[in-house]
Amino acid sequence: MTDAGQYDGRGNAPLAGYAVLAAVFTAGAGGYAVLARRRGVRLPQELPPWDVVLLGTAAYKASRLLTRDKITSFLRAPFTRRAGEGEAGEVVDEPRGDGVRRAVGDLLSCPFCTSAWAAGALVCSYAAAPRLTRLVCGGLGALTVADWLQYAWTWTQQNAES
């Protein structure tokens with residue numbers, strides 16, 4: 001029985017692919033830290049709660065855009081296949097392939113998984129360029145609010161018609 005078989009009982013968990021992705025994430029974070037230190041990037045003294053909310057909202061929306069938006073399907077297509085339609089124009093993809101390809105497909109089809117990568121990128125950006133990052137996060141946050149208003153409007157219309 002393979003290690004994947006011992007892990008999930010079916011033998012289809014791409015553990016080596018996951019290890020590659022974890023190594024890429026860790027190397028990216030470490031590489032950023034080394035580069036930032038060499039360039040004299042000073043870490044913020046504190047991270048205000050409002051910025052945590054802004055970063056979290058932006059990471060949420062970025063992960064939804066990357067994993068569920070029709071327009072970003074071209075990014076996912078080499079690693080996933082369309083499994084169905086989601087709510088509000090979103091799509092649902094499922095991973096395909098084996099090894100690293102399957103692991104990337106798992107990552108790109110899971111908004112929760114992708115949000116860790118989005119948050120990592122945003123936090124690195126925040127350390128180097130907080131004003132620019134707040135602006136980008138503000139845009140993604142505004143899009144999140146707009147989505148919720150769309151849901152609220154639809155809900156209001158459906159209840160009014162009932």
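Student: Where is A88 placed in this predicted model?

Tutor: A88 lies in the loop that runs between β1 (80–85) and β2.

Student: What is to be noted about phi of A88?

Tutor: The general idea comes first: most residues other than glycine have a negative phi. In this structure, phi of A88 is near 55°, a positive value, although the residue is not glycine.

Student: Does A88 count as buried or exposed?

Tutor: Such a reading compares relative accessibility with a cut-off, and exposed means over 50%. A88 counts as exposed because its relative accessibility is 62%.

Student: Which strand holds D93, and does D93 count as buried or exposed?

Tutor: D93 belongs to strand β2, residues 91–95. Here the cut-off for buried applies, which is under 20% relative accessible area. D93 has 8% relative accessibility and therefore counts as buried.

Student: With which side chains does the side chain of D93 make a polar contact?

Tutor: A polar contact is read from a pair of N or O atoms within 3.5 Å. The side chain of D93 makes one with the side chain of R76, at 2.6 Å, and another with the side chain of T80, at 3.4 Å.

Student: Which residues does D93 touch, not counting residues up to four places away in sequence?

Tutor: With those sequence neighbours left out, D93 touches R68, R76, T80, R81, R82, A83 and S109.

Student: How is the crossing of helix α2 and helix α5 to be read?

Tutor: One considers how close the axes come and at what angle they cross. The axes of α2 (residues 15–38) and α5 (residues 99–108) come within 7 Å and cross at roughly 65°. Angles of 65 to 115 degrees count as roughly perpendicular, so α2 is roughly perpendicular to α5. The crossing in which α2 passes α5 is right-handed.

Student: Which residues make the contact of α2 with α5?

Tutor: From α2 come G17, Y18, V20 and L21, while α5 supplies G99, V100, A103, V104, D106 and L107. By class, the residues of this contact comprise seven nonpolar, two polar and one charged.

Student: How many helices and strands are there in the protein, and which pattern do they follow?

Tutor: The protein has seven helices and two strands. Along the sequence, the pattern reads α-α-α-α-β-β-α-α-α.

Student: What does the C-alpha trace span, and what share of the residues is buried?

Tutor: Along its principal axes, the C-alpha trace spans about 60 × 50 × 25 Å. Of the 162 residues in the protein, 27% are buried.

Technical notes
Residues numbered from 1 in each chain as written. Predicted model: local features only at pLDDT ≥ 70, side-chain atom pairs only at ≥ 80, totals over all residues. Heavy atoms only, no water. Axes fitted to C-alpha atoms, helices over the stretch in contact; angles between N-to-C directions. Helix = DSSP H or I, 4+ residues; strand = E, 2+ residues; numbered from the N terminus. Parallel < 35°, antiparallel > 145°, perpendicular 65-115°, else oblique. Left-handed = near helix turned anticlockwise from the far one by under 90°. Contact = heavy atoms within 4.5 Å. Nonpolar A, V, L, I, M, F, W, Y, C, P; charged D, E, K, R; others polar. Buried < 20%, exposed > 50% of the residue type's maximum accessible area, 1.4 Å probe, protein only. Polar contact = N/O pair within 3.5 Å; in protein donor to acceptor, adjacent residues only side chain to side chain.
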